[in-house]
Amino acid sequence: MSDPSIPEQPPKYWTAPGSQPHPDANPTNPPPSGYGQAGSTNPGYMPPGYGQVPSGYPTYPSAQGQSGYGQPQFAQPGYGQPYQNNQMGPGGQSKYGQNNYMTWAQMKPGIVPIRPLQFGDVMGGIFQLLRFNPKATFGLTFIVVLLATLLALPLQLLLTPLLFSTFDDPMMTFSTMTPLTFLLQLIASVILLAPLTIVTIEAVKGNRITVADTWKQIRPNLKNYILTILLTGVILALPMTTLILLLFLSEGMELSGSTFFGLGIGVVLVMLVLSAFLGIRLIFAMPASVNELIGPVSAVKRSWLLTRTAFFRILGYSMVINMVVQMLASAVALPVSMILTIVSLFLASDAAASSVAMTLSMSASAALTLIISQPLLTAFVALMYTDQRIRKEGFDIDLMSNTPSLNTPPVVQ
């Protein structure tokens, strides 16, 4: 009788019902000759013919690393072939080297890889967008800016002579008309934010959409988008409004010149820092509103959440790319502005006509600058919005699942 305190040990060798026991289970009974060998008649572990290829069937390499492993003629048809997303090179070879497949970091159906973006990806993506879909970027921007400039033209032609008769100075007239031009171009840039954002995000997926397609996506949430613009504008205007109020209040104080100057410099610096902080934290409010179809308050919260822990990276990228884009736009617009100004002043008959000519040349230069810079800067914001959602929310999985070129069955060569 076994001791109940000692647990019963399981058998060392398990035997399937109806099969011969393992030879080592009974050392006194040695295994028969040829036991377990291929072709053996012994009904042990291997049936007759186990491991042999039946007659009439071709033989294939079975070990990974042998010649031909993973090729269509040695495995399932199309296994290991590149996706059908225009990534095939000459002669049917993959553009990604000798491996006939794309890694996660190489999936690039559109203007940028679908992964967390580096600075080079963002910089290259904003310029590649212009080549990828020029009609919906440069074309749309040119039309909107041209309409805004033409709407401002009659008002400029009407007000410039009146302002010149008041100030009797072309430069003063020119300076007075600048805010009007800036306001109209600001309206044009706000109008362009929504469609250019949609065009950029669709270009990330590899889709070239038209202006009509962008309007179809904007129209259901147009009211919330406008409210988001107004709410964001009010928040961003708070530092400047506070600065103006402080300047008015300081006039009633009896302060010395040096004290007033030092206090003014300090207040201006604080307001600039606050404006930069709010500008970065709210940079994704309008892309979130137009892409996620949410209201103004939710869009502001989404932007605040997406920019958390990434403030300095977004700020650094913004500073560098804004500098590059403005330099590029100025390099194109400045010579045009100089030529127009010289020609206008040469043809002008008096000082009043000169002020009109300077105003018109300034408007043309500002419009050209906006046409060049607006698509690039809007694309930058949309790409950074996409990047932050990839980093924080796994947005790359959603992009790949909604990208037709990445969901096409493999190509059978």
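The bend at a residue, as I use it here, is the angle between axes fitted to the seven residues ending there and the seven starting there. Helices are DSSP runs (H or I, at least four residues), numbered from the N terminus.

This is a predicted model, in which local features need pLDDT of at least 70, side-chain atom pairs count only at pLDDT 80 or more, and totals for chains, interfaces and linings use all residues. Residues are numbered from 1 along each chain as its sequence is written, and side-chain values use heavy atoms, with hydrogens and water left out.

I start with α9, residues 311-347. At A333 this helix bends by about 30 degrees, and the proline P335 follows within four residues. Buried means under 20% relative accessible area, exposed over 50%, and partly exposed in between, with a 1.4 Å probe and protein chains only. Among the buried residues of α9 are I314, I321, V325 and A333.

Next, the aromatic rings. Rings of Phe, Tyr and Trp (its six-membered ring) pair if their centres lie within 6.5 Å; planes under 30 degrees apart are stacked, over 60 edge-to-face, the rest tilted. The structure has five such pairs. F119 and Y317 are edge-to-face, because their planes stand at 65 degrees, with centres 5.2 Å apart. F119 belongs to α1 (119-132) and Y317 to α9, so this pair ties together parts 198 residues apart in sequence. Y317 is buried at 13% relative accessibility, while F119 is partly exposed at 29%.

F311 and F312 are also edge-to-face, since their planes are at 85 degrees, with ring centres 5.2 Å apart. F311 is buried at 17%, but F312 is exposed at 67%.

Last, the pockets. On a 1 Å grid over the protein atoms alone, a pocket is an open set of points with protein on both sides within 12 Å along at least five of seven lines, and lining residues have an atom within 4 Å of a point. The largest pocket has a volume of about 1400 Å³. Its lining has 35 residues, with L186, S189, L193, L236 and M286 closest to the centre. Elements giving two or more residues to that lining include α3, α5 and α9.

Key: On a 1 Å grid over the protein atoms alone, a cavity is a set of points where a 1.4 Å probe fits but cannot get out, and a pocket is an open set with protein on both sides within 12 Å along at least five of seven lines; lining residues have an atom within 4 Å of a point. Grid points are joined across faces, edges and corners, and a volume is the space filled by probe spheres set on the points.
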